[in-house]
Amino acid sequence: MRITDVHGCEVRPGRLVEWTLDPVMVEAATSQPDDSRPPAYVQESHIRTARSVREDGLFVPTWLGAAFDIAGPVDLDRLEAALRTWTLRHETLRSGFRWVGDEMRRFTAASDAVALRREVVGDFPDAEELSLHLQDRFDVAADALGWPNFLYTAVVRDDGVSVYMAFDHSNVDAYSLQRIPSEISEIYSARADGGAEEPSPVGSYVDFCEIERASADQVDDTHAIVARWREFIARCDGRLPAFPVDLGLEPGGPLPEQKLLYEMLVDDADAAAFSAYCRPYGGGQVGVLAATSLIVHDIGGEPVYRTVVPLHTRAKSRWAESVGWYVGGAPIEIPVAKALGFDDALTMVRSALRANKSLAHLPIARVLRLLGSDFRPTSPDLYSIVSFVDARDIPGARQWDEQKAYAMLRVSYGDQVCAWFTRLHGGLQLAIRYPDTAIAHKNIHRYVEQLRELITSVARGGPAPAAPPRREHALPAPRLSSEATRLTL
């Protein structure tokens with residue numbers, strides 16, 4: 001699925017219908033006794049960050065979503081039944097948190113209590129008005145500090161419906177979103193064909209949270225992983241790493257608004273050839289990180305590229321189809337100033353990933369707690385990321401274009417740069433959000449254009465680009481692109 005915001009999802013006019021958890025169910029669920037299973041560290045960090053930023057007086061929506069079409073006249077009763085069945089399959093969607101003092105405690109609704117309430121919102125003849133309404137509605141309904149924190153909607157037309165679903169990030173990662181179009185469409189089709197068979201059960205993310213946290217809590221500040229994080233953060237001047245180019249930010253200034261750039265970076269042929277070139281070093285993910293390290297060194301001049309690489313934590317098959325936030329992070333350092341060219345950078349990235357990928361098994365929030373550092377969050381993003389996922393083997397991936405399937409980001413405020421590369425059947429797609437300043441706009445577009453040119457140069461059999469001296473560009477001069485333009489979020 002291409003990553004975009006709600007305005008890039010080909011929203012078309014129609015009658016808007018939405019489904020929320022039934023208020024009677026919500027009241028009963030929030031009155032349940034505590035569920036002893038704790039939040040995952042990533043969930044707790046996310047929700048505490050949202051609360052901290054809110055206390056500073058800024059509302060920063062951070063929801064993620066999925067959009068896709070179901071063709072033909074659609075029976076809303078069957079669609080509602082499919083949505084309920086899908087919700088039942090994934091326990092995290094009926095589990096929330098409440099505060100008791102400064103402690104987060106979980107509550108979980110019984111599966112037989114799950115009920116949806118449908119409401120016809122009305123007709124929207126204007127697509128732009130509809131997309132703005134959806135964004136505003138998702139901001140309220142998928143709020144990290146509320147529960148329920150997700151919403152299902154459908155835009156109904158004579159030729160089918162467009163489904164738009166939004167979730168607070170604490171419930172989902174990118175892989176969860178990418179499975180949604182196929183999974184819900186299959187449940188709906190089975191019911192439309194008269195089938196009543198329930199989908200096979202999947203592992204519960206709520207169970208995973210308990211298992212992961214119990215394991216993480218056995219680690220203390222003498223552990224080797226904690227020591228390596230301590231050294232990494234010290235070399236980042238006591239902070240988690242930012243994107244090492246000038247973003248035009250005012251030190252101590254207010255959290256800036258962000259912009260989103262999204263486009264197909266290269267087509268399938270160039271993406272395949274680039275990946276083949278990088279395969280001896282580990283493939284497309286290594287290639288993108290190596291290219292990034294060279295380019296940000298050229299733009300920003302930092303001799304070492306430091307970043308935290310997102311890596312999935314679905315280590316066992318029971319979590320493979322589960323909706324949840326299964327993501328850890330591994331710190332890597334690339335001494336890119338010493339690289340003689342792209343091949344050298346590839347070798348450095350491969351070595352760094354091999355040496356450090358095991359660090360992703362310990363949640364970063366647990367590491368920070370053990371380090372005892374004051375990382376009071378002032379931004380929804382604790383650090384910048386460059387994420388890569390090859391999504392071609394995800395069920396239904398070949399139908400995504402036909403289904404108009406998208407993964408949605410909410411772009412609001414933030415002082416970091418987050419880049420998501422997705423390998424699709426049509427090529428390599430990039431979505432990148434960054435602070436909305438003139439300097440950031442210039443440098444991020446410069447990064448994207450030099451990245452495209454490096455990838456196509458490698459893919460088309462040219463010499464692997466040499467590492468340019470500072471400000472002496474061996475890479476082709478960048479052009480400003482038009483703004484129209486795994487492993488996970």
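1. Let me begin with Thr49, which lies in helix 2 (residues 41-55); helices (H or I, at least four residues) and strands (E, at least two) are DSSP runs, numbered from the N terminus. Thr49 counts as buried because its relative accessibility is 5%, where buried means under 20% relative accessible area and exposed over 50%, with partly exposed in between (1.4 Å probe, protein chains only). Its C-alpha atom is separated by 8.7 Å from that of Asp381, 332 residues apart along the chain.

2. A word on the source: this is a predicted model, in which local features need pLDDT of at least 70 and side-chain atom pairs count only at pLDDT 80 or more, while totals for chains, interfaces and linings use all residues. Residues are numbered from 1 along each chain as its sequence is written, and side-chain values use heavy atoms, leaving out hydrogens and water.

3. Next, helix 7 (residues 224-235). At 1.5 Å a residue, its 12 residues should span 16 Å, and the 17 Å between its end C-alpha atoms agrees; the expected span is 1.5 Å times one less than the number of residues. Asp237, with a positive phi near 60 degrees, follows helix 7.

4. Which residues of helix 7 are buried? They are Ile225, Val226, Trp229, Phe232 and Ile233. These cover an arc of only 120 degrees around the axis, so they sit on the same side of helix 7; the arc is that of the directions from the helix axis to the C-beta atoms. Exposed Ala224 and Ala234 are on the face turned away from that buried side. The buried residues pack against strand 10 (305-312), strand 11 (327-334) and helix 11, contact meaning heavy atoms within 4.5 Å.

5. The axes of helix 7 and helix 11 (residues 364-371) come within 10 Å and cross at roughly 80 degrees. Axes here are lines fitted to C-alpha atoms, for helices over the stretch in contact, and angles run from 0 to 180 degrees between N-to-C directions. The two helices are therefore roughly perpendicular (65 to 115 degrees). Val226, Trp229, Arg230 and Ile233 of helix 7 meet Ile364, Val367, Leu368, Leu370 and Leu371 of helix 11.

6. Helix 8 (residues 268-278) packs with helix 13 (residues 438-459) at about 75 degrees, their axes 8 Å apart. That makes helix 8 roughly perpendicular to helix 13. Helix 8 contributes Asp270, Ala273, Phe274 and Tyr277 to the contact, and helix 13 contributes Leu454, Ile455, Thr456, Val458 and Ala459.

Note on methods: Angles under 35 degrees count as roughly parallel, over 145 as roughly antiparallel, 65 to 115 as roughly perpendicular and the rest as oblique.
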